[in-house]
Amino acid sequence: VSSRPEYNLFSDWSLYDVARIQPLILSQAVDVIKKLDYDSEVRARFILALETTLFSKHESFSSNPLLLTIMLVTYEQFGDIPDRVYIFYDLAYHALFNKHDVSKQGFLRKSSTNLDMYELRDIFALFSLFTYSKQMFEMTEDEIHTFLKKCLVHSKSEVIDKDLKLELLNNVPLLMRDGLNYCFTHRSFQEYFTAYYIVNHAVKEQVFERVCGRYHTDNVVDMAFSMNKEVLEDKWILPKINKILDLKPVDTSTINRKIQLISVFFDRIDEIRDRGKKEIGFTYNENSYFLNYLVQKYSCQYHRDYLNDKYHSHDFTYEETDFFELVLNDKQTIMLEELNDFEKNLVCRMGSERYGELSFELIEYIKSLILTNRNDSLDNIENFIFD
């Protein structure tokens, strides 16, 4: 029995083993290409490219049999595979759309819809956004017709949903049958087209919040960031930063306000053992994960290291020992919201509010960086035009 990884269909089975397919290594990828019924000259050039640079440079694509095949089609038409992920998917879409035509040496593809490449892309991108926002990766016959029909109505297209389905299954194979249901040829296509839609069409902030919520597991936000960073900043990153900044207490002189300052970025306090030594650890919440994501996207590791040194200049060893003995004791962890007044006082004696202060200073720095870069870019454009 095989199943897609996002489904947990076997949890009620008493006896079963899970086997996961390993990614292809170079020799296996070459074997896959050799076995394809494809132009021998194109295959030979592509295999040579795989063995020299392509496989190691694009291992996430070339180690997957389906994406490897799409790489071959893309390579035939464009002669290379781009470094940026979203450009690869853009070229792959162009290749899939045009493949039938170029292989027939002058014969036009018999389209089910007569939509051009850009009309089809916009409609399918809306379909991808619609299904992704609902976390639907597999659809029944009724569901796929309902969704396609809604997208066609929204796009003011006169195409029939049945014809569009055939187009996406046969001529431009972005969908496929999976048993009695339908799914995307590859999940990454759903993510690419979702990212394409939100940065190229007028979409409200609420939609961005819904779609971007899986930024730590999926590729939609990363691809949208590469496609049009300013749109993502305006509709998701800056609004999310502002909501976090609104949680910052104005006055942090009292114990409760200091605990509030910490709890914006941390959920609980844990006992951590490192080489036999016990230490106090603070567990990230969603705001911390978002902040760490921004540090990565805006290359702020150096500034974070600077703030770590700045806020960890004091030794709280004795206070931490008291917290271990009087609070954690036999417990491994305690939630911040469960602390009583005595425990809150011990937390503040450890100077733990510095973790909240550090986090707020870091996210304020990133917001300033975004706005400064934006203003500098606008000034440069103005200078180019009026200089």
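Contact is taken here to mean heavy atoms within 4.5 Å. The structure is a predicted model, in which local features need pLDDT of at least 70 and side-chain atom pairs count only at pLDDT 80 or more, whereas totals for chains, interfaces and linings use all residues. Residues are numbered from 1 along each chain as its sequence is written, and side-chain values use heavy atoms, with hydrogens and water left out.

Helices (H or I, at least four residues) and strands (E, at least two) are DSSP runs, numbered from the N terminus. Helix 6, formed by residues 117–133, has 17 residues and reaches 24 Å from its first C-alpha to its last, close to the 24 Å expected at 1.5 Å a residue, where the expected span is 1.5 Å times one less than the number of residues. S128 lies in helix 6 and counts as buried because its relative accessible area is 0%. With residues up to four places away in sequence not counted, S128 touches F184, F189, Q190, F193 and T194. At the start of the helix, a side-chain oxygen of D116 reaches to within 2.9 Å of the backbone nitrogen of Y118, and just after helix 6, Q135 takes a positive phi of about 55 degrees.

An open sheet of three strands was also identified, with the order 5-4-6 and antiparallel pairing, two strands being paired if DSSP finds at least two bridges between them. The edge strands, each of which pairs on one side only, are strand 5 (277–284) and strand 6 (333–335). Neighbouring strands of this sheet are turned by 20 degrees against each other on average, direction ignored; axes are lines fitted to C-alpha atoms, for helices over the stretch in contact, and angles run from 0 to 180 degrees between N-to-C directions. Strand 4 (residues 266–274) and strand 5 run antiparallel and are joined by eight bridges, and D270 stands opposite G281 in strand 5.

The structure holds zero disulfides, a disulfide being a pair of cysteine sulfur atoms within 2.5 Å. C151 is in no disulfide, and the nearest cysteine sulfur, that of C183, is 17 Å away. C151 counts as buried because its relative accessibility is 2%, and C183 likewise counts as buried, at 1% relative accessibility.

Methods
Buried means under 20% relative accessible area, exposed over 50%, partly exposed in between (1.4 Å probe, protein chains only). A polar contact is a pair of N or O atoms within 3.5 Å; within protein, one must be able to donate a hydrogen and the other to accept it, and residues adjacent in sequence count only if both atoms are side-chain atoms.
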